[in-house]
Amino acid sequence: MKAVRFNEFGGPEVLQIAELPDPRPGPGQVRIAVRAAGVNPSDWKKREGLMDGDLPQTMGHEAAGVVDELGEGVAGVAIGDRVFGFSAEGAAQAELAVLSHYAPIPPSLDFAGAAALPAAIETATRALDQLGVGGGSTLLINGASGSVGSAAVQLAVVRGARVIGTAGPGNHEYLRSLGAEPVAYGEGLAERVRALVPGGVDLALDVAGSGVLPELIELAGGAEHVLTVADFGGARAHGVRFSSGDAGRALHALAEIGELIESGRFSLPVARTFPLADVAEAHRVGERGHPRGKLVLLVG
């Protein structure tokens, strides 16, 4: 099968389409003929050698496609079913992928829309779970217009929270459409938030990693009310919780999202799609900025 791989660390130019052996599913796993695979900021960190020193490496943690082989003990899914989920080996950007956790694709979504979901909804759900976001709480999300941020906005609104989200002015109307109250990021953030919530917020989530943890701590009344998924160094410096999948992933999000999508309470736009062979260009586009929605590779 064809798959994205790199043999040395560096820029997007090190990415190759390689011919690799077909993977086989283990117990509890399924193999899919991949139709679409998500692209994430962690991909370029991995490509640059910031996450794993081994070489060569394959790419991709999330995919959607059609089940073509079942592992031992798999029940509730059949060959030919449309599913989306997480790659067992970080090798989703390929013609075939083994999924360790998966769920049916919501009927209204195409493969690209489904491939955009797993990382964003798991990260957002995990953060909201760890913060204890629920009805009646006021949550500030720093970086609310990206894929994880917009997922967190919508999932927090479903939980009954009041959400204030930071974004550039061009994304304020988008945040309002998701149910958040937008504020501009940058100098004076605390004052702008206090104009909406004079007493400060109950909880704060940092998705952007833009150096605002001190302001979030002040607004939320202490570091224990703040969580970041993007600023490991800042979390250590300021005593803020850093959320990673190492502490337990919110895999229940995969099974829960379909009902929210079909009822119109959740959506995650696909910003742009690329053929698998153009993965290097997808990295370049992703590294240049923060597109509204996910970048997705199309396979087959």
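**Exercise 1. Determine which ring the charged end of arginine 249 sits over.**

Solution. A charge sits over a ring if NZ of Lys or CZ of Arg is within 6 Å of the ring centre and within 35 degrees of the ring normal. The charged end of arginine 249 sits over the ring of phenylalanine 86, 4.4 Å from its centre. A further such contact places the charged end of arginine 82 over the ring of phenylalanine 111, 5.3 Å from the ring centre.

The model is predicted: local features need pLDDT of at least 70, side-chain atom pairs count only at pLDDT 80 or more, and totals for chains, interfaces and linings use all residues. Residues are numbered from 1 along each chain as its sequence is written, and side-chain values use heavy atoms, with hydrogens and water left out.

**Exercise 2. Classify the aromatic pair of phenylalanine 6 and phenylalanine 9.**

Solution. Rings of Phe, Tyr and Trp (its six-membered ring) pair if their centres lie within 6.5 Å; planes under 30 degrees apart count as stacked, over 60 as edge-to-face and the rest as tilted. The structure holds two aromatic pairs. For phenylalanine 6 and phenylalanine 9, the centres are 5.9 Å apart and the planes form an angle of 55°, a tilted pair.

**Exercise 3. Explain why the pair of phenylalanine 232 and phenylalanine 242 is edge-to-face.**

Solution. The ring centres of phenylalanine 232 and phenylalanine 242 are 5.3 Å apart and the planes stand at 85°, so the pair is edge-to-face. For accessibility, buried means under 20% relative accessible area, exposed over 50%, and partly exposed in between (1.4 Å probe, protein chains only). Phenylalanine 232 has 49% and is therefore partly exposed; phenylalanine 242, at 33%, is also partly exposed.
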